[in-house]
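I opened this notebook to keep track of what I looked up, one topic at a time. The entries begin with a pocket and then move to helices and strands.

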Amino acid sequence: MIDDSDLGYNIYTLDEFKFDYGNILHDVEVEYTTSGTPIYDDEGNIINAVILCYMYNGNYSSVIDFHQLIGPDSPLAELNFFYISISSLGHPNSCSPSTTNLKYDFPSYSIKNRVDFKRKFLVEKFNITNVLGIFGVGSGGYEAYTWACEYPDEMEFLIITSSSFKTNGHRYIASRVIDSIIDSSDAYYDDLYSESLSKIMVTINRLIYSQHFSKKIFQNLTKFEIDALMDDFVDEGLFMDIYDLKYGNDAILNFDVEDKLSNIKAKTLVVSSSEDIYFSPEFDVYPLKGIIENLEIFIFDDNDFVFYNDYSVFVDVFKEFLNEFKK
């Protein structure tokens, strides 16, 4: 049984973590929070853990974005899940270039490293080797796909929204552009974080914002609304410094689990917008048919609906999908 002091917001320290190319960091911090109550089997193992994985700029606190799905007053409360929200490897306040102050000397990492970082934390902190499910959004979906492909026996369900199983096409181009913008600045290798690096981050976040909403939503916004939302997005994105973003972008550039998708055993729900600019049903969802055995797909027409801020339209879909996993 875990102590109540281990719940809520905490930072846990791993003795060490080993990266893909053999680099090892010691005293590695993991930022996390929990929601709900753990349920145990007869051997004392937690059986209702659901892991939340977020978009590129998300961290443990992004659990707030799921307020319509999580919490004692949510329509899904009766499922009795124990949610664990972890700031990924490379994100501020977990082990990252900025948190360690290693900056450009931080070890290169992959999406699989991000998964293994969370797996190691779950074993050490909660003695969890198998989770009930994983919920991945955006690049958090990359983690969910990777987890299910590399370790298919470690979860019972997946829910993946606005994501894909590889970086290709326009996503690859966007990531290469981000990489080129960063490489164009000599200030990247300065000892002090200069104003020019902050300006580069503003430019990069504006580029990322261009993919944030669907075609239909952007078309229906006025220029004033676009500017206002862009400014908010840029301000929010500035909490991540250029080194954190650079290493995360490098991991995304090399992401591809297409040849491993048939390994997935978990019951899987993939959700996508018919108008999504960055992740399309045509290229990122429908190709999964016939590859993932136990697959359900939900495509929605968003109209004036802003997916990243509102999950209410999915409550019934999620509830029906998750009902068999109720604890």
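This is a predicted model: local features need pLDDT of at least 70, side-chain atom pairs count only at pLDDT 80 or more; totals for chains, interfaces and linings use all residues.

**Entry 1: a pocket**

I looked up the second largest pocket and found 17 residues in its lining, with D20, S110, I111, A251 and N254 lying nearest its centre. A pocket, on a 1 Å grid over the protein atoms alone, is an open set of points where a 1.4 Å probe fits, with protein on both sides within 12 Å along at least five of seven lines, and a lining residue has an atom within 4 Å of a point. The elements that each give two or more residues to this lining are α2 (111-126), α3 (139-150) and α8 (242-253), and α8 gives the most, with three. Here helices (H or I, at least four residues) and strands (E, at least two) are DSSP runs, numbered from the N terminus. I noted the space in this pocket as about 270 Å³, a volume being the space filled by probe spheres set on the grid points, which are joined across faces, edges and corners. By class, the lining has seven nonpolar, four polar and six charged residues; Ala, Val, Leu, Ile, Met, Phe, Trp, Tyr, Cys and Pro count as nonpolar, Asp, Glu, Lys and Arg as charged, and the others, Gly among them, as polar.

Residues are numbered from 1 along each chain as its sequence is written, and side-chain values use heavy atoms, with hydrogens and water left out.

**Entry 2: α4 against α8**

I next followed α8 to its contact with helix α4 (residues 169-183), where the two axes come within 10 Å and cross at roughly 145°. Axes are lines fitted to C-alpha atoms, for helices over the stretch in contact, and angles run from 0 to 180 degrees between N-to-C directions. Which residues of α4 meet α8? I listed Y172, S175, R176, I178, D179, I182 and D183 in α4, which meet I242, L245, K246, N249, D250, I252 and L253 in α8, contact meaning heavy atoms within 4.5 Å. This contact has seven nonpolar, two polar and five charged residues.

**Entry 3: the sheet**

I traced an open sheet of eight strands in the order β1-β2-β4-β3-β5-β6-β7-β8, with mixed pairing; two strands pair if DSSP finds at least two bridges between them. Its edge strands are β1 (10-18) and β8 (295-300), each of which pairs on one side only.

Starting from β1, I found eight bridges to strand β2 (residues 24-35), with the two running antiparallel. N10 has Y32 as its bridge partner in β2, while L14 has V28. Five residues lie between the strands of this hairpin, in which G22 takes a positive phi near 95°. On to β4, I saw that four bridges join this strand to β2, again antiparallel, and that T34 stands opposite I84 in β4.

Further along, strand β5 (residues 133-137) and strand β6 (residues 157-161) run parallel and are joined by five bridges, with V137 standing opposite T161 in β6. Packing on the sheet, α3 touches β3 (49-53), β5, β6 and β7 (267-273), and its direction makes about 145° with that of β5. Helix α10 (residues 315-322) lies across β5, β6, β7 and β8, running at about 160° to β6.

**Entry 4: Y56**

Lastly I looked up Y56, in the loop between β3 and β4 (82-86). Leaving out residues up to four places away in sequence, Y56 touches H91, S139, N205, I208, F233, M240 and L245.
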